[in-house]
Amino acid sequence: MSKAEAVHCKGAPRDLGLDQGRAFAARIQAEAEAVRSAGPLSRLLFERSSSRAAQIRRDTLRYFPHMAERAMGLARGGGVGEVALAALLGRAFEPGEGAILALGPSLAGDAAVIVRILEGAEREATLRHSAPDTDFSSVELALPWRVPALCGVNEHGLAVASVATGGATPGGHAAPAVLLTQDVLQRFDTVEKAVEWLERRPAGGSASFVLADRSGALAAVDIAGDDRSVRGPANGVLTAGTAADRERLAGLVPSSGRARLDSLANLGLGPIAVLDPSRAVLGDGRDGGGLDWTAPLPSEPASDRAVDAAAEGG
């Protein structure tokens, strides 16, 4: 990844998706075709008769209207059908890709930092700037063919990373929980507000969210169908992912002493993205070179109407 690969998305939800789709049309079409030709079960997701794709599309529109509008723009800009895009989103239910390691202020310095480890297809992620018309701007790491980011930090220094931890829940919501990532970035400025909202929002499948803000607050919200649980750091460390990932990551960080931000790439984690809420930047620690880049947020602030709307139950 390089700075040249960043995409800037601006405007109404559909315009945000359109900007992304136009920028990555060839990659979106190639990904859709790869899944379509993978086998009979994959092809079923792309057929209009597929109840699964229809359910994903329906519940996204019902529970995530802004994300549904953005997906419509992404499909149009990318030159693929909305059903195909819903099929690609459906893969967000699958666990086993990616994990999260977060360090509290006692280890990381003035504020908490979140490290999003990228695995499998996630290594195709690109840097994305999102500037919604009335919500908060953010800088994110996102897959070209998916609306919700893998991780990001908004203009107020609220950082969030998500990872799928299990499959779809029988009879539950068809819209995958990772869609909540983008809403958090757009709506909230503190961990406390975001956690309270995540605890009551409907979503499908199982996923974990790790959040940090400029105050040093750090928390995780685990979603499994209708169940919600909140975790804090243990000895300054918070992890998310599969049980094996969490155990492995917890053992990498010393129980005392600060972990240098520029040494995270040397922990043997592979490709990573580092979210630093104290500076409202997202850095890339790929290729073992520490922080290869930082991406400051746009200097023009968004309206506080985003938090006001969220407080009203938006």
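Helix H5 (residues 65-78) and helix H8 (residues 180-187) are roughly perpendicular to each other, because their angle of about 110° lies in the range of 65 to 115 degrees that carries this name. Their axes are 10 Å apart; axes are lines fitted to C-alpha atoms, for helices over the stretch in contact, and angles run from 0 to 180 degrees between N-to-C directions. Helices (H or I, at least four residues) and strands (E, at least two) are DSSP runs, numbered from the N terminus. From H5, His-66, Met-67 and Arg-70 make the contact (heavy atoms within 4.5 Å), and from H8, Gln-182, Asp-183 and Gln-186.

This is a predicted model, in which local features need pLDDT of at least 70, side-chain atom pairs count only at pLDDT 80 or more, and totals for chains, interfaces and linings use all residues. Residues are numbered from 1 along each chain as its sequence is written, and side-chain values use heavy atoms, with hydrogens and water left out.

Eight strands form an open sheet with mixed pairing, in the order S1-S4-S5-S6-S7-S8-S9-S10; two strands pair if DSSP finds at least two bridges between them. Strand S1 (7-11) and strand S10 (227-231) each have a single partner strand, so one side of each is left without a neighbour in the sheet. From one strand to the next, the twist averages 20°. Helix H1 (residues 13-23) packs on the sheet and touches S1 and strand S4 (126-132).

The mean pLDDT (the predictor's confidence in each residue, from 0 to 100) of the chain is 80. Over residues 286-293 the pLDDT is below 50. Where pLDDT is low, the predicted coordinates should not be read in detail.

Notes: Angles under 35 degrees count as roughly parallel, over 145 as roughly antiparallel, 65 to 115 as roughly perpendicular and the rest as oblique.
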